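Hello,

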Amino acid sequence: MKISNRRQMLQPLVLDGKHSLLSFYAAGIFILFSITLAPALCSAHTAQEWKDSRIIYQLGANAVWVSPIPENTNNGYHGYWQKDIYQLNSYFGASNDLLGMVDALHQRDMWVMLDVVINHMGNQDNGNLNDFSMFNPFNDASHYHSYCQIEDFHNMHEVQFCRLANLPDLAQENSYVLQTLQSWLVNTVKQYSIDGIRFDTVLEVPVDIWATYINALSNPRTYTIGEVDNGDPSLNAIFQGAMDATLNYPMYWTLRHVFQEQQSAYMITSSLQQQRSAFKDISVLGLFLDNHDNPRFLNIRNDQCSLRNALAYIMFAEGIPIVYYGTEQGFTGGNDPNNREDLWRSGYSTSTPLFKTISTLAQARKNQTSDFYSSQQVEKYVLDNFYAYTRGQVLVVTTNGGCGAQAGANIPNLPYTENAQLCNVLAPNDCIWIHGGSADIQITSGEPKVYIPTSNSYFRRNTHEPLYVPS
């Protein structure tokens, strides 16, 4: 099905008072697979090899986040060192290969989000900081800010007008730069039938500039999310409005403190309060545990039970859950570039415990009705090592204790009818019954619990054994 037809099919539909495209992404699971990989770590994989999308589909993804596609300067990896914005990075193969990959994903009703860099170009390979002749089309000094390095990330003028990692900083206030990038962005979205855009280095460009890019993507409507690599909700929230959402770095740091560093789960309570006060809509923010800029979860805490608890949290919390490639394989890479491992030559398996956990949680999320996506998550019980919330008909119970940990509580004020039966999607024979609006839930092995009423379509479709019944 061509993307134009898919847009025509979806655009008239409004779910929960939101534009249909936003509603689709709010209901979706992003899986970040980076195709342009570090030469020192792995070999190239062209888009041709991505036409078989069965593994991604099996994992439960209905969208894929793709690395920047322009040709890069020497030693650029993952696409962020642009050399020529009009030339396709050879790691993607030819243009038809990339189109074939996008079409293959669309045939499975999976969407494509493209990573885009407008803040900077690539490395000046010859070492001459005044020579921009290697870049196309921005080959003149007037296209860039005067040379300076970002040294103080609390100084916004420095952040937005100086170089990040010594990469030439494009002068967005230059009309030629702005209009050229806008035209390139719009044409790229149309040429490759892109459904959404992830903007890199959002904090490094003034918010009013971002608004002009988003306006250029208004027809057809394209979902936009940006990287504001900062844990301050107020600073992140400035950019929601100019674009649809930001990656939820405030919650990333909160979950890192709670599930990786075993700090108090009450931090989730305060973080959510701050986010609700700052953002216009937290339900479209990107929730993540791993990415290509931060150490992997298992690098900081090598405990898969703790990771599964954190995954259970983001899969049903308000926001768009984003799973970084390799999380499902148990990758443990540290700081960039060690967190950008070769995926397909890693002995890829669809039977790892983490693959099974993610696919199960994704399927359970997809089986929820529209009221789930329009509902807020409601905190139900918190201890230092225990966090439980409901959203719609889903009850999520987590601990940060790790494998073998014990935690529990009698959780009151649950939104279910008397004697309702709920079972854990991760262990279908683990069932509870609601009495007086409460249920006693005990974690005995450090594993999360995700309870859904047995009347939910997930159990009707996925249970292979009879549900446990009380004696």
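**Strand pairing and cores**

Strand β7 runs parallel to strand β8 (residues 245–246), joined by two bridges, where strands are DSSP E runs of at least two residues and helices are H or I runs of at least four, numbered from the N terminus, and two strands pair if DSSP finds at least two bridges between them. This is a predicted model, in which local features need pLDDT of at least 70 and side-chain atom pairs count only at pLDDT 80 or more, while totals for chains, interfaces and linings use all residues. Residues are numbered from 1 along each chain as its sequence is written, and side-chain values use heavy atoms, with hydrogens and water left out.

Within these pairings, Ile-225 stands opposite Ala-245 in β8, and Ile-225 is also the bridge partner of Arg-198. Strand β7 (residues 223–226) is covered on both faces, with Tyr-223 and Ile-225 buried on one side and Thr-224 and Gly-226 buried on the other; buried means under 20% relative accessible area with a 1.4 Å probe, counting protein chains only.

In the largest nonpolar core, which has 62 residues, Tyr-313 and Phe-316 touch the most other members; such a core is a set of buried Ala, Val, Leu, Ile, Met, Phe, Trp, Tyr and Cys residues joined through side-chain atoms within 4.5 Å. Its largest share, eight residues, comes from helix α12 (residues 304–316). Leaving aside residues up to four places away in sequence, the residues that Tyr-313 touches (heavy atoms within 4.5 Å) include Ile-268 and Leu-272, and both Ile-268 and Leu-272 are buried in α10.

Best wishes

Terms used:
Buried means under 20% relative accessible area, exposed over 50%, partly exposed in between (1.4 Å probe, protein chains only).
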